Amino acid sequence: MIRVVLAEDQGMVLGAFASLLDLQADITVVATATNGDDALAAVREHRPDVLVTDIEMPGRTGLDLAVELNRLGDRTRVLIVTTFARSGYLRRAVDAGVAGYLLKDAPIGELAAALRRVHAGERVVSPELAVAAWDAADPLTGRERELLRAVAEGAGNAEIAARLCLAEGTVRNYLSSAMAKLGARNRTEAARIARTRGWL
């Protein structure tokens with residue numbers, strides 16, 4: 001029996017996934033969560049074989065969960081199921097040690113098959129995403145991503161400088177570099193482009 005924790009912030013989707021997976025003779029959903037923090041707690045409590053999680057959720061994201069479980073040496077394998085067909089997300093998922101990455105519009109049979117393969121130690125990626133991953137490399141440095149995340153949260157240059165212990169001029173330089181790489185007219189547009197492409 002493959003023991004699964006489901007993490008999804010949309011209640012209707014979460015309920016549908018749980019019901020459909022429970023119809024599989026060899027899969028049981030041992031817990032569900034609607035945010036990343038509850039998902040981590042559920043994994044620690046139930047020690048499932050696989051965590052099936054969305055990317056964008058309140059609290060920790062699905063990618064944050066994968067990174068944290070890796071850091072803890074947890075043996076639970078992570079399968080991302082998301083609406084985001086973005087090469088940037090896929091690259092970050094692979095870096096985080098995610099075992100599978102599927103799109104939500106896949107048939108439930110495909111999700112069940114992916115769960116079985118992930119449980120067996122394989123890696124599974126939606127074909128559309130595998131193709132997309134070759135299309136766009138992330139041009140941003142780690143520091144540029146960090147600053148653009150702060151911009152996306154609404155922080156001004158002075159606040160970012162104080163938060164990251166940088167000079168305001170340095171913040172401006174990093175943001176100018178990021179804007180140039182992304183072809184953005186301003187810092188807000190740069191943050192939006194980077195998020196849309198899955199690089200934040």
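Reader: How many bridges join β3 to β4?

Author: In this predicted model, β3 and β4 run parallel and are joined by 4 bridges. Two strands pair if DSSP finds at least two bridges between them; strands (E, at least two residues) and helices (H or I, at least four residues) are DSSP runs, numbered from the N terminus. Val-50 stands opposite Arg-77 of β4. As the model is predicted, local features need pLDDT of at least 70 and side-chain atom pairs count only at pLDDT 80 or more, while totals for chains, interfaces and linings use all residues. Residues are numbered from 1 along each chain as its sequence is written, and side-chain values use heavy atoms, with hydrogens and water left out.

Reader: What is the order of the strands in the open sheet, and which strands stand at the edges?

Author: The open sheet has 6 strands in the order β2-β1-β3-β4-β5-β6, with parallel pairing. At its edges stand β2 and β6 (124-125); each has a single partner strand, so one side of each lacks a neighbour in the sheet. β1 is joined to β3 (residues 50-53) by 4 bridges, and this pair too runs parallel. Val-5 stands opposite Leu-51 in β3.

Reader: Which strands does α2 touch, and which strands does α5 lie across?

Author: Axes are lines fitted to C-alpha atoms, for helices over the stretch in contact, and angles run from 0 to 180 degrees between N-to-C directions. α2 packs on the sheet and touches β1, β2 and β3, its direction making about 135° with that of β2. Helix α5 (residues 108-119) lies across β1, β2, β3, β4, β5 (100-103) and β6, and runs at about 160° to β4.

Reader: Is Val-43 buried or exposed?

Author: Buried means under 20% relative accessible area, exposed over 50%, and partly exposed in between (1.4 Å probe, protein chains only). Val-43 lies in helix α2 and, at 1% relative accessibility, counts as buried. Contact means heavy atoms within 4.5 Å. Beyond its neighbours within four places in sequence, Val-43 is in contact with Val-5, Pro-48, Leu-51, Leu-69, Asp-74 and Thr-76. Its C-alpha lies 9.9 Å from that of Leu-65, 22 residues away in sequence.

Reader: Which residues have the most contacts inside the largest nonpolar core?

Author: In soluble globular proteins, nonpolar side chains tend to be buried together. A nonpolar core is a set of buried Ala, Val, Leu, Ile, Met, Phe, Trp, Tyr and Cys residues joined through side-chain atoms within 4.5 Å. The largest one here has 24 residues, and Leu-51, Val-78, Ile-80 and Tyr-101 have the most contacts inside it. At least two of its residues come from each of β1 (2-7), β2 (27-33), α2 (36-46), α3 (62-72), β4 (77-82) and α4 (87-95). In α3, the buried residues are Gly-62, Leu-63, Leu-65, Ala-66, Glu-68 and Leu-69.

Reader: Why is β4 described as largely enclosed?

Author: Of the 6 residues of β4, 5 are buried, so the strand is largely enclosed by the rest of the structure. Thr-82 lies in β4 and, at 0% relative accessibility, counts as buried. Apart from neighbours within four places in sequence, Thr-82 is in contact with Asp-54, Ile-55, Tyr-101, Leu-102, Leu-103 and Lys-104.

Reader: At what angle do α8 and α9 pack?

Author: Two packed helices are described by the angle between their axes and the distance between the axes. Helices α8 (residues 157-164) and α9 (residues 168-182) pack at about 110°, with axes 9 Å apart. That makes α8 roughly perpendicular to α9 (65 to 115 degrees). The contact is made by Asn-157, Ala-158, Ile-160 and Ala-161 of α8 and by Glu-168, Val-171, Arg-172 and Leu-175 of α9.

Terms used. Angles under 35 degrees count as roughly parallel, over 145 as roughly antiparallel, 65 to 115 as roughly perpendicular and the rest as oblique.
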